[in-house]
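Please brief me on this model. Cover its salt bridges, its ligand site, its core and its surface.

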Amino acid sequence: MNFHVLTLFPEMILQGLATSITGRAMDKGLISVNTVNIRDFSEDRHNHVDDTPYGGGAGMVMQAEPIFKAYGYLANHIKMTNESNDSYKKPRVIYVTPQGSVFNQGIAEEFSEEEELIFLCGHYEGIDERVLEMIVTDHISIGDYVLTGGELPAMVMIDAISRLIPGVLNNEVSSEFESLQDNLLEYPQYTRPEIFMGKRVPEVLLSGHHANIEAWRREQSILRTYERRPDLLEKADLSENEREYLTRLIFQKNYDVY
Ligand code: ADE
């Protein structure tokens, strides 16, 4: 998977992703991260890439031209690297914006199927709408809050997409993701020592009884999801017994209130 980021802060993207699992994935050639500095395409003698908004109002708006040129440069570069491949298709261009659809595991999976992905990171009060209409295929937000720019959201998405690419995680870790796919949160985890400041590891985990451990973990997942993310339970695939357990939890909670 080749990630490309149109940004005013390339070093932020490159430094942020160069460590840990994404860094290793880059070293192994499983992913690549390429940045294009929008400022390099400014025609202004002071290298400006923004101007005041037509119609007035606070803040500055990023101009269409440097972004369009940066995109054109990148599109040519991607096209060249794909020349041997007849099935060239225009890469998706993701505009990272709080006005987009909210990113989730399903969107991460969909994006992980692509060969090339372009992220466009904005700053200031936004980007001239005309260039967005011309190049953007997807508007994506990482949540209902406003950040100072698109670089952190782009990094969040690149991280979430990268870990879905075969070979990026080892198998042990990748199973962790399975439970989110089930719309259940992960069960609690423990490691040595057996007693930490008087708190014991749950007995069942020391029993060596795999079926009991599995059952306990599943119950804990349901309990945790019910307590922390009840909205997910509607879509969770629960057995008859698990539904009964959930009903008991709900009943218990209502009972506790009175
Ligand atoms: N840019 C600023 N805030 C953002 C958000 N929440 N998601 C995506 N891009 C953004």
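Arg 130 is exposed, at a relative accessible area of 51%; exposed means over 50%, buried under 20% and partly exposed in between, with a 1.4 Å probe and protein chains only. Its salt-bridge partner is Asp 128, at 2.6 Å from N to O. Asp 128 is buried, at 16%. A salt bridge here is a side-chain nitrogen of Lys or Arg within 4 Å of a carboxyl oxygen of Asp or Glu.

This is a predicted model: local features need pLDDT of at least 70, side-chain atom pairs count only at pLDDT 80 or more, and totals for chains, interfaces and linings use all residues. Residues are numbered from 1 along each chain as its sequence is written, and side-chain values use heavy atoms, leaving out hydrogens and water.

**Other salt bridges**
- The whole structure holds eleven salt bridges.
- Asp 182 pairs with Arg 218, with the closest N and O atoms 3.8 Å apart. Asp 182 sits in the loop between α7 (171-181) and β8 (195-196) and Arg 218 in helix α8 (residues 210-228), so the pair ties together parts 36 residues apart in sequence. Helices (H or I, at least four residues) and strands (E, at least two) are DSSP runs, numbered from the N terminus.
- Asp 182 is partly exposed at 37%, and Arg 218 is partly exposed at 27%.
- Glu 65 and Lys 69 form a salt bridge at 2.9 Å between the closest N and O atoms. Both lie in helix α3 (residues 64-81), four residues apart, about one turn.
- A salt-bridge network links Lys 89, Arg 92, Glu 110, Glu 114 and Asp 138.

**Ligand site**
- Residues around the ligand include Val 96, Pro 98, Ile 140, Tyr 145 and Pro 153; the criterion is a heavy atom within 4 Å.
- The protein buries 96% of the 260 Å² that the ligand exposes alone; areas use the Shrake-Rupley method with a 1.4 Å probe.

**Nonpolar core**
- The largest nonpolar core has 27 residues. Such a core joins buried Ala, Val, Leu, Ile, Met, Phe, Trp, Tyr and Cys residues through side-chain atoms within 4.5 Å.
- Among the residues with the most contacts inside this core are Phe 3, Phe 103 and Ile 161.
- Helix α6 gives the largest share of this core, six residues.
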